[in-house]
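Have the viewer open as you read.

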Amino acid sequence: MRPRSEADVKADVQRVRSARKEATAQFEETMTKGWVRRLHRNRVHRQAQNDRAAADVELYDLQAELKGLRDRAREERERAREVNRAEARRVASAETAERRRLAALKRLKKGPFALVLTGVASRSGQQRSESEMAAAISDATGIAVPQARRTLQRAIHVEPQPLLDEIAETTAIRIKMNLETSFGARLRIVRTGASDGLARKPIPPRVRSEVWNRDGGQCVDCGSRERLEYDHIVPISKGGANTARNLEIRCESCNRRKGASI
Ligand SMILES: [Zn+2]
């Protein structure tokens, strides 16, 4: 049964109250008026007493019903207020994120360097969710979160991704250190041209499988079969091409070591 409206219940209260008033008047009349015969008077007296008691019981139930309705209405208002507060918090946090993103964009200094995201240290990747990592990238670089997320996914699952281009060396180092400590990102700083090549010319699948088979699917330096990368013998920034002759399989640490010694 649908709960009655507060107005319905109030109308009932009115009705019962006036019935009770009438009964009370009759009861008092039987107490005061001497003209009623005794027998009749007793009957009216009892009836009035019963009517008043019945009205009291009914009133008691109606008051309870009214209280229930008012409590429900109050809960409803409280819930609506909570929804509004949650919405306000959501809007405020979106605004904060956008402000941080714009501030990060402003801190980027122009220069001849590019930042390449090569992946995420495996343990940190498990500790942080993809959206947390994307948010950290967005905060540090000013890249919008959805794009940061796509870049991150491609860097983890496909191949290294250019993150920022034409930035100063100090900017590149600051962001690299920031992201490495905040969630274990792996980044490489390269000359701007190198990241262009990386972005525009992925290694063709045919060349990849040729190099993979030739090198036996392991690091040519240490024989590791983990965290392998396709390493350009002559870097793309120095005119190297995506050919099998110019590519070798190296694990990440051997690749870094070689990169550092060039
Ligand atoms: Zn190795």
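Helices here are DSSP runs of H or I with at least four residues, strands are runs of E with at least two, and both are numbered from the N terminus. By that count, the chain has 9 helices and 5 strands. Reading from the N terminus, the order is α-α-β-α-α-α-β-α-β-α-α-β-β-α.

Two bits of housekeeping. Residues are numbered from 1 along each chain as its sequence is written. This is a predicted model, so local features need pLDDT of at least 70 and side-chain atom pairs count only at pLDDT 80 or more, while totals for chains, interfaces and linings use all residues.

Now zoom out. Along the principal axes, the C-alpha atoms fill a box of roughly 130 × 40 × 25 Å. The chain has a radius of gyration of 40 Å, whereas a compact globule of 262 residues would have one near 18 Å; the radius is taken over C-alpha atoms, and the globule rule is 2.2 Å times the number of residues to the power 0.38. The chain splits into domain 1 (6-100), domain 2 (109-200) and domain 3 (201-262), with bounds from an automatic or database domain assignment. Between the C-alpha centres of domain 1 and domain 3 there are 83 Å.

Next, some helix packing. Two packed helices are described by the angle between their axes and the distance between the axes. The axes are lines fitted to C-alpha atoms, for helices over the stretch in contact, and angles run from 0 to 180 degrees between N-to-C directions.

Start with helix α4 (residues 130-141) and helix α6 (residues 169-183): they pack at about 160°, with axes 10 Å apart. That is why α4 and α6 count as roughly antiparallel (over 145 degrees; under 35 is roughly parallel, 65 to 115 roughly perpendicular and the rest oblique). On the α4 side, the contact is made by Glu132, Met133, Ala136, Ile137, Ala140 and Thr141, and on the α6 side by Ile175, Asn178, Leu179, Ser182 and Phe183; contact means C-beta atoms, placed from the backbone, within 7 Å.

What angle do α4 and helix α5 (residues 145-157) make? About 115°, with their axes 8 Å apart, and so α4 is roughly perpendicular to α5. Here α4 brings Glu130, Ser131, Met133, Ala134, Ala135, Ile137 and Ser138, while α5 brings Val145, Ala148, Arg149 and Leu152.

Notes: Two residues are in contact if their C-beta atoms, placed from the backbone, lie within 7 Å.
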